[in-house]
Amino acid sequence: WQCCKQENIIARVISWFGIHSYELYLFHIIILALMKEMIKPEVLGDYTKLIWFVLFLAASVLVASSISFFYSEPANKKLRRIMLGWRKSRTPLCVEN
């Protein structure tokens, strides 16, 4: 049972990254640039770099999920509604012989 529960969590994490991969792709570089401006990488020690990396991942995930929730998904829903309405309003051309 414990094995199945762990596999379910891993599958959910992988699924989340798959669903939000575009937002992560777009915004991770902005997060990285902002973090590099805050503290230069040369100043960080080995253990501090690991902590900084974990913060980078957490910030990237937070920004990607926020962008997805507040912008991408509402925009997709609205576009789908518009396009579906447009498609339904079109009448097919009938060609009679």
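Buried means under 20% relative accessible area, exposed over 50%, and partly exposed in between, with a 1.4 Å probe and protein chains only. With that settled, here are some notes on the model.

1. Ground rules. This is a predicted model, in which local features need pLDDT of at least 70 and side-chain atom pairs count only at pLDDT 80 or more, while totals for chains, interfaces and linings use all residues. Residues are numbered from 1 along each chain as its sequence is written, and side-chain values use heavy atoms, with hydrogens and water left out.

2. Confidence. pLDDT is the predictor's confidence in each residue, on a scale from 0 to 100. The protein chain has a mean of 86, and 81% of its residues reach 70 or more.

3. Architecture. The protein chain holds 3 helices and 0 strands, running α-α-α from the N terminus on. Both kinds of element are DSSP runs numbered from the N terminus: helices are H or I with at least four residues, strands are E with at least two.

4. Surface and contacts. Of the 97 residues in the protein chain, 11% count as buried. The chain exposes about 8,700 Å², with carbon and sulfur atoms supplying 68% of it; accessible areas come from the Shrake-Rupley method with a 1.4 Å probe, and for residues only the protein chains shown count as cover. Contact means heavy atoms within 4.5 Å. Among contacts with a separation of 6 or more, 69% come from residues 24 or more positions apart.

5. Helix α2. Residues 21–38 make up this helix of 18 residues, which reaches 25 Å from its first C-alpha to its last, close to the 26 Å expected at 1.5 Å a residue. The expected span is 1.5 Å times one less than the number of residues. Glu23, Leu24, Ile31 and Met35 are buried in α2.

6. Leucine 32. This residue also lies in α2, and its relative accessible area of 32% makes it partly exposed. Alanine 59 is 27 residues from leucine 32 in sequence and 9.3 Å away in space, C-alpha to C-alpha.

7. The salt bridge. The structure has 1 salt bridge, defined as a side-chain nitrogen of Lys or Arg within 4 Å of a carboxyl oxygen of Asp or Glu. Lysine 40 and glutamate 37 form it through their side chains, at 3.9 Å, N to O. Lysine 40 counts as partly exposed because its relative accessibility is 41%, whereas glutamate 37, at 60%, counts as exposed.

8. Serine 68. Where does serine 68 sit? Its place is in helix α3 (residues 46–89). Serine 68 counts as buried because its relative accessibility is 4%. Leaving aside neighbours within four places in sequence, serine 68 is in contact with His20, Glu23, Glu73 and Pro74.
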